[in-house]
Amino acid sequence: MACRISELVIEAADAERLAAFWSEVLGYAEIGQESDGSIEIGPPGTGFGGPQPTLVLSPDSEPRTGKVRLHIDVSATDRDQDAELERLLALGARPADVGQTGNESWHVLADPEGNVFCLLRTRVRPL
């Protein structure tokens with residue numbers, strides 16, 4: 001028996017703002033909110049337990065210290081990498097420098113709270 005990633009939890013200073021950003025990036029919708037202010041987003045019509053993991057944006061007022069040791073990679077489904085990069089930048093992503101050489105096939109970005117993620121070159125089929 002194996003495990004499957006069912007959800008990823010991201011601590012956020014502004015859970016609503018980050019949920020809105022990642023919903024636009026991934027084409028997700030809000031699934032629910034918890035009494036602590038956590039917001040869960042996921043694929044519309046599927047939600048938790050589907051083929052893609054949901055994201056839980058959990059409020060956290062503590063300042064982040066040090067480098068986050070996990071990052072998300074995303075791939076466009078319906079456009080090339082350059083067009084997707086433009087879309088992500090328009091949504092509020094910004095270029096991030098993690099020591100890349102400039103010869104990589106991916107773009108390193110940060111979400112509105114500085115969480116690093118990569119836009120890969122390879123396009124994937126939508127689910």
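The side chain of serine 58 makes a polar contact with the side chain of serine 38 at 3.4 Å, a polar contact being a pair of N or O atoms within 3.5 Å in which, within protein, one atom must be able to donate a hydrogen and the other to accept it, and for which residues adjacent in sequence count only if both atoms are side-chain atoms. The model is a predicted one, in which local features need pLDDT of at least 70 and side-chain atom pairs count only at pLDDT 80 or more, whereas totals for chains, interfaces and linings use all residues. Residues are numbered from 1 along each chain as its sequence is written, and side-chain values use heavy atoms, with hydrogens and water left out.

Serine 58 lies in strand S4, where helices (H or I, at least four residues) and strands (E, at least two) are DSSP runs numbered from the N terminus. With a relative accessibility of 15%, serine 58 counts as buried, the term denoting under 20% relative accessible area, with exposed meaning over 50% and partly exposed the range in between (1.4 Å probe, protein chains only). When its neighbours within four places in sequence are left aside, serine 58 is in contact (heavy atoms within 4.5 Å) with Val9, Ile10, Glu11, Ala12 and Ser38.

Strand S4 belongs to an open sheet of four strands in the order S1-S4-S3-S2, with mixed pairing. The edge strands of this sheet are S1 and strand S2 (29–33), each of which pairs on one side only, and the twist from one strand to the next averages 25 degrees, where axes are lines fitted to C-alpha atoms, for helices over the stretch in contact, and angles run from 0 to 180 degrees between N-to-C directions. S1 and S4 run parallel and are joined by six bridges, two strands being taken as paired if DSSP finds at least two bridges between them; within this pair, alanine 12 has proline 59 in S4 as its bridge partner.

The largest nonpolar core has 20 residues, and those with the most contacts inside it are Trp22, Ile41, Leu57, Leu88, Leu109 and Phe117; such a core is a set of buried Ala, Val, Leu, Ile, Met, Phe, Trp, Tyr and Cys residues joined through side-chain atoms within 4.5 Å. Two or more residues are given to this core by each of strand S1 (7–12), helix H1 (15–26), strand S3 (39–42), strand S4 (54–59), helix H2 (81–91) and strand S8 (116–119), and the largest share, six residues, comes from H1. Isoleucine 41, in strand S3, is buried with a relative accessible area of 0%.

Helix H1 has twelve residues and reaches 16 Å from its first C-alpha to its last, close to the 16 Å expected at 1.5 Å a residue, the expected span being 1.5 Å times one less than the number of residues. Ala15, Leu18, Ala19, Phe21, Trp22, Ser23 and Val25 of H1 are buried, and the elements covering the buried residues of this helix include S1, S3, S4, S5, H2 and S8. Glycine 27, which has a positive phi near 70 degrees, follows H1.

A further open sheet of four strands has the order S5-S8-S7-S6 and mixed pairing. Strand S5 (72–74) and strand S6 (94–95) stand at its edges, each with a single partner strand, so one side of each is left without a neighbour in the sheet. S5 and S8 run parallel and are joined by three bridges, with cysteine 118 in S8 as the bridge partner of aspartate 73. S7 and S8 run antiparallel, joined by four bridges, and form a hairpin with five residues between them, in whose turn glycine 114 has a positive phi of about 90 degrees. S6 and strand S7 (residues 107–110) pair in the antiparallel sense over two bridges, and proline 95 stands opposite leucine 109 in S7.

Arginine 94, placed in strand S6, counts as partly exposed at 39% relative accessibility. Its side chain reaches the backbone oxygen of aspartate 111 at 3.0 Å. Apart from neighbours within four places in sequence, arginine 94 is in contact with Leu89, Val108, Leu109, Ala110, Asp111, Pro112 and Gly114.
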